[in-house]
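Thank you all for coming. Please have a look at the model on the screen while I go through it step by step.

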Amino acid sequence: MTDSGSGSVPGSDSGSGSGSVPGSGFGPGSVPASGPPAAWRRHAGRCVLLDGFHALKHALRFGAEVPVAVTSDRAGALALADELAPDVREALAGLLTEVPHATYASLVARPHPTAVAALAVRPARAAGLEALARTPRSAPVVVLDQPRNLGNAGAVIRLAAGFGATGVVTTGTLDPWHPTVVRGGAGLHFATVVERLEVADLPPGPVFALDPEGEDIRGLKLPDEALLAFGSERSGLSRELRARADHLVALPMRPQVSSYNLATSVAMTLYHWSAGGGASHTS
């Protein structure tokens, strides 16, 4: 899938999403079939989809506000929590409402194998922009310049969260909070800052842009203040981003191999930073 999409949540309507779960008349366990869909529609306008157990688990770990969560197998979801996420088991038990599988499937575009779905309030944009602009930074910002593939963008956000990057910024038309991106990021959008900006509005800091003609990354130190910029999967760096770059950087690559996958390139670059190519700490 390569288009940016609208970012809408399946099952949403055009309402403002200003309602709240308390007082809605349902809670954990068996509930009237009409309850969870109504709550879902009420909140969908201001929320992002958390698709599957692991996305919900990560979102809760990193402080997401989750007004509604459903599953067609509550016992199975809580068993997964006992095994894989005991730290959020109590929160999950308080949130998850069991519904018939047909009801669950009607709320998502693609039912997840764990049969869990939730809605989470997207973090305030103003807070994200403030965090990106704050200096000095302890970790770089990843910039995806006009990315096209939703799954790749999600994988990069998951990587950035794992490495403790300050955030991920996209330019261009792709919505980094699209449900497919959030699914690919396994809910880790809530563990880092994720925003879409114009090149002219990028956060402060030296831009190290990945390009085949750049200097070999193995001879460079990547500072914590860096913006690590990666071009689109198809056409590389845009003219605007290339003009903004302070350094062009190349990853080692065997002759006649044309490119790496975007997420692989980001992983290699963040590893170089974290392993001593600029990191002020080890993790």
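What you see is a predicted model, in which local features need pLDDT of at least 70 and side-chain atom pairs count only at pLDDT 80 or more, while totals for chains, interfaces and linings use all residues. Residues are numbered from 1 along each chain as its sequence is written, and side-chain values use heavy atoms, with hydrogens and water left out.

Let me begin with the sheet, where strands (E, at least two residues) and helices (H or I, at least four) are DSSP runs numbered from the N terminus, and where two strands pair if DSSP finds at least two bridges between them. Six strands make up an open sheet with parallel pairing, in the order β8-β7-β6-β10-β9-β11. Its edge strands, each pairing on one side only, are β8 (193–196) and β11. Within this sheet, β6 (residues 141–144) and β7 (residues 167–170) are joined in the parallel sense over four bridges, and Val 141 has Gly 167 in β7 as its bridge partner.

Helix α10 packs on the sheet by touching β6, β9 and β10 (227–230), and its direction makes about 155 degrees with that of β10. Contact here means heavy atoms within 4.5 Å, and angles run from 0 to 180 degrees between N-to-C directions of lines fitted to C-alpha atoms, for helices over the stretch in contact.

Turning to charges, a salt bridge is a side-chain nitrogen of Lys or Arg within 4 Å of a carboxyl oxygen of Asp or Glu, and by this rule the count is eight. One of them is between Arg 183 and Asp 51, whose closest N and O atoms are 2.5 Å apart. This pair links distant parts of the chain, 132 residues apart, with Arg 183 in helix α8 (residues 179–184) and Asp 51 in strand β2 (residues 47–51).

Two backbone details deserve a mention. Most residues other than glycine have a negative phi, and most peptide bonds are trans. Ala 115, however, has a positive phi of about 55 degrees, and a cis peptide bond, with omega about 0 degrees, joins Thr 135 and Pro 136. Pro 136 sits in the loop between α6 and β6.
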